[in-house]
Amino acid sequence: MKRIIIAIDGYSSCGKSTMARRLAKRIGYVYVDTGAMYRAVTLFALRRGLVAESGEIDKAGLEKAMHELYITFRLNAASGNAHTHINGEDVEDEIRSMAVSSRVSAIAALPFVREALVRQQQAMGQERGIVMDGRDIGTTVFPDAELKVFVTASAEVRAQRRFDELKAKGVEADYLDILHNVVERDYIDSHREVSPLRKAQDAVVLDNSHMTIEEQDQWLFDEYEKRIKALA
């Protein structure tokens, strides 16, 4: 059977990573969470003191330090999922914190950061058979992807999902703070100069505001099957 590239783009906290990961497992493809890669760079910058309290980024310092950052994904036996590692350290939980969430869009907008990670992402997909989610996969990373999906949901629904996720992990969170962060990230992601978040012309749209995970999974699998049949 022909192996393809599946590009899943969309707004933050839409459940892109969940559905992409589950589809990849179901069809035997490699899954890559590009959002986690940008979160890893953000955590790296925070740890190095390259982001001020005001949010100002030491761009020159980060660009100089980027060669010291090595991002990998490794299977975690306990969770059964691939966890993000920075230079060999598992940082999966830390990159999901609000401290990282509130800074990641600004870091991801930096041209040298995007260029470095896009190169890595494109290398990962050379042999196809990959499911990748992010903000610019179908428009910049893999404009020739055979299946492109653009995921959206209301800001309120996405904020509630993020709030519930953090509470489930025992992390103190404020719904209004999260909602503000979601709206702010939407704006930054959609208005950045390099690879802004936008729907590819040939992408199919999924509004999952009122869908269960199981319904999302089936919708995405059906789209995959339709594309495979069309290419046969």
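Reader: Which residues line the largest cavity?

Author: Arg 21, Tyr 31, Asp 33, Phe 73, Ala 82, Thr 84, Glu 92 and Arg 96 line the largest cavity. The model is predicted: local features need pLDDT of at least 70, side-chain atom pairs count only at pLDDT 80 or more, and totals for chains, interfaces and linings use all residues. Residues are numbered from 1 along each chain as its sequence is written, and side-chain values use heavy atoms, with hydrogens and water left out.

Reader: What makes a space a cavity, and what makes it a pocket?

Author: Take a 1 Å grid over the protein atoms alone: a cavity is a set of points where a 1.4 Å probe fits but cannot get out, while a pocket is an open set with protein on both sides within 12 Å along at least five of seven lines. Lining residues have an atom within 4 Å of a point. By this rule there are two cavities of 30 Å³ or more.

Reader: What is the volume of the largest cavity?

Author: About 50 Å³. A volume is the space filled by probe spheres set on the grid points, which are joined across faces, edges and corners.

Reader: Which elements each supply at least two residues of the lining of the largest cavity?

Author: They are β2 (30-33) and β4 (82-86). Strands are DSSP runs of E, at least two residues; helices are runs of H or I, at least four; both are numbered from the N terminus.

Reader: How many residues of each class are in the lining of the largest cavity?

Author: Three are nonpolar, one is polar and four are charged. Ala, Val, Leu, Ile, Met, Phe, Trp, Tyr, Cys and Pro count as nonpolar, Asp, Glu, Lys and Arg as charged, and the others, Gly among them, as polar.

Reader: Which residues line the second largest cavity?

Author: Its lining is Asp 9, Gly 138, Thr 139, Lys 148, Val 149, Phe 150, Arg 198, Lys 199, Ala 200 and Ala 203. α7 (137-141) and β7 (147-152) give two or more residues each. β7 gives the most, with three. The space is about 40 Å³. By class, the lining of the second largest cavity has four nonpolar, two polar and four charged residues.

Reader: What lies closest to the centre of the largest pocket?

Author: The largest pocket has a volume of about 870 Å³. Its lining has 38 residues, and Gly 15, Ser 17, Thr 18, Arg 96 and Glu 165 are the closest to its centre. Elements giving two or more residues include α1, α2 (34-47), α5 (104-108) and β6 (130-134). The lining of the largest pocket counts eight nonpolar, 13 polar and 17 charged residues.

Reader: Which element gives the largest share of the lining of the second largest pocket?

Author: β3, with five residues. This pocket holds about 390 Å³. Of its 19 lining residues, Arg 21, Tyr 31, Leu 75, Asn 81 and Ala 82 lie nearest its centre. The lining of the second largest pocket divides into eleven nonpolar, four polar and four charged residues.

Reader: Why are α1 and α10 called oblique?

Author: The axes of α1 (residues 16-27) and α10 (residues 213-231) cross at roughly 55° and come within 10 Å. Angles under 35 degrees count as roughly parallel, over 145 as roughly antiparallel, 65 to 115 as roughly perpendicular and the rest as oblique. α1 and α10 are therefore oblique to each other. Axes are lines fitted to C-alpha atoms, for helices over the stretch in contact, and angles run from 0 to 180 degrees between N-to-C directions.

Reader: What is the hand of the crossing of α1 and α10, and which residues meet?

Author: α1 passes α10 in a right-handed crossing. In a right-handed crossing the near helix is turned clockwise from the far one by less than a right angle; anticlockwise is left-handed. The contact (heavy atoms within 4.5 Å) includes Thr 18, Met 19 and Arg 22 of α1 and Leu 220, Phe 221 and Tyr 224 of α10. By class it has seven nonpolar, three polar and four charged residues.

Reader: Why are α8 and α9 called oblique?

Author: Their axes cross at roughly 125° and come within 9 Å. α8 and α9 are therefore oblique to each other. The crossing is right-handed. Among the residues that meet are Ala 155, Phe 163 and Leu 166 in α8 and Tyr 175, Ile 178 and Val 182 in α9. The contact of α8 with α9 has nine nonpolar, one polar and four charged residues.

Reader: At what angle do α2 and α6 pack?

Author: At about 145°, with their axes 11 Å apart. α2 passes α6 in a right-handed crossing. Thr 34, Met 37, Tyr 38 and Val 41 are the α2 side of the contact. The α6 residues include Val 113, Leu 117 and Met 124.
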